[in-house]
Amino acid sequence: MQGPSSAARSPTPGETGRPGPAHPSASPDVWVGHFHGHRVEVPRGHGATMSFTFDDGPWPGSTSQVLALLAQHHVHAVFCLIGDQAQARPSLVRQEVAGGHELCDHSRDHDLLMGRKGQAYVDAEVSTGLAEVRGAAPKGTKVTFYRQPGGTWDPHVVRAMDDHDLDPLRWSDDPRDWSRPGSLTIVRRVVAKLHPGAVVLMHDGGGDRSESVEALRFLLDAVTAAGWVPVLAPHVHLSDKAAAKPQ
Ligand SMILES: [Zn+2]
């Protein structure tokens, strides 16, 4: 157990497994939880909305784990799918749609350098990705979001989105979970940037996503306990300048 509050300011060495009773030093506008024994403060949402989005799937294992967690919490999210992967694993795409989630085109193969390769190449990345996602989804599924790999919304990309009437899916809260900084760091980065209308960018694919899944398990409990309402990310049309601004 922690000692008296006078010792609580400086971090204790060897924090692993440290028991973490909620010490009532937090302001009333903060919800305090414990993740693997570490204290995590979450600003209270007072009913404000925020959104979860998951990129680079579908992916064996982690996509199903994310879907199960979202279902447990009755939370809907947007899945930004890489077209080639959607085509390879259509059953996961159908599970996403069946779960009430929304799909987003995240390009054909996630080429981070597509912008340097000209309009025709970018058009193909966007349109083939879209066709593959739509092809994997049940007939009639609406796919009207596009998210640019790496967030480089250059003029080629904007033009390709415009051609297909796609809305850019921006984000405001990027914990860089793909870099595997540890699940506690992912949790802390997400809650540090929570604000009304926040769009959280996490990953269910592209590699080992066990840290992301572990972080999400806590975050879903924590944000709802702190008074936030997770909703599907709202659509913002391309003509709205704010929509295409660099992240
Ligand atoms: Zn991505």
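**Backbone geometry, zinc site and helix packing**

Arg176 is placed in the loop between strand E7 (167–168) and H6, and in this predicted model Arg176 adopts a positive phi of about 50° although it is not a glycine. With a relative accessibility of 42%, Arg176 counts as partly exposed. A positive phi, near 80°, is also found for Ser107, again a residue other than glycine; Ser107 belongs to the loop between E5 and H4 and, at 0% relative accessibility, counts as buried. Most residues other than glycine have a negative phi, and most peptide bonds are trans. Against this background, the peptide bond that joins Gly57 and Pro58 is cis, with omega about -5°, and Pro58 is located in the loop between E3 and H1.

The zinc ion has as its protein donors Asp56 (OD), His106 (NE2) and His110 (NE2), which lie 2.1 Å from the ion, and the spacing of these donor residues in sequence is D-x49-H-x3-H. Because Asp56 lies in strand E3 (residues 49–57) whereas His106 lies in the loop between strand E5 (102–105) and helix H4 (119–136), this pair ties together parts that are 50 residues apart in sequence. Asp56 and His106 are both buried.

Helix H1 (residues 62–72) packs with helix H7 (residues 210–225) at an angle of about 5°, the axes being 10 Å apart, which means that H1 is roughly parallel to H7. On the H1 side the contact is made by Ser62, Gln65, Val66, Leu69 and Leu70, and on the H7 side by Val213, Leu216, Arg217 and Leu220; by class, the contact of H1 with H7 has six nonpolar, two polar and one charged residues.

H1 also packs with helix H3 (residues 90–98), at an angle of about 10° and with the axes 11 Å apart, so that H1 is roughly parallel to H3. Here Thr63, Ser64 and Leu67 of H1 meet Leu92, Gln95 and Glu96 of H3, and by class the contact of H1 with H3 has two nonpolar, three polar and one charged residues.

In helix H6 (residues 183–192), the buried residues are Ser183, Leu184, Ile186, Val187, Val190 and Val191. Viewed down the axis of H6, these buried residues fall within an arc of 160° and therefore line one face of the helix. The buried residues of H6 pack against strand E1 (30–35), strand E2 (38–43), strand E8 (198–203) and H7.

Definitions and conventions: Residues numbered from 1 in each chain as written. Predicted model: local features only at pLDDT ≥ 70, side-chain atom pairs only at ≥ 80, totals over all residues. Heavy atoms only, no water. Axes fitted to C-alpha atoms, helices over the stretch in contact; angles between N-to-C directions. Helix = DSSP H or I, 4+ residues; strand = E, 2+ residues; numbered from the N terminus. Parallel < 35°, antiparallel > 145°, perpendicular 65-115°, else oblique. Contact = heavy atoms within 4.5 Å. Nonpolar A, V, L, I, M, F, W, Y, C, P; charged D, E, K, R; others polar. Donors = N, O, S within 2.8 Å, 3.2 Å for Na, K, Ca; no water. Buried < 20%, exposed > 50% of the residue type's maximum accessible area, 1.4 Å probe, protein only. Arc of directions from axis to C-beta.
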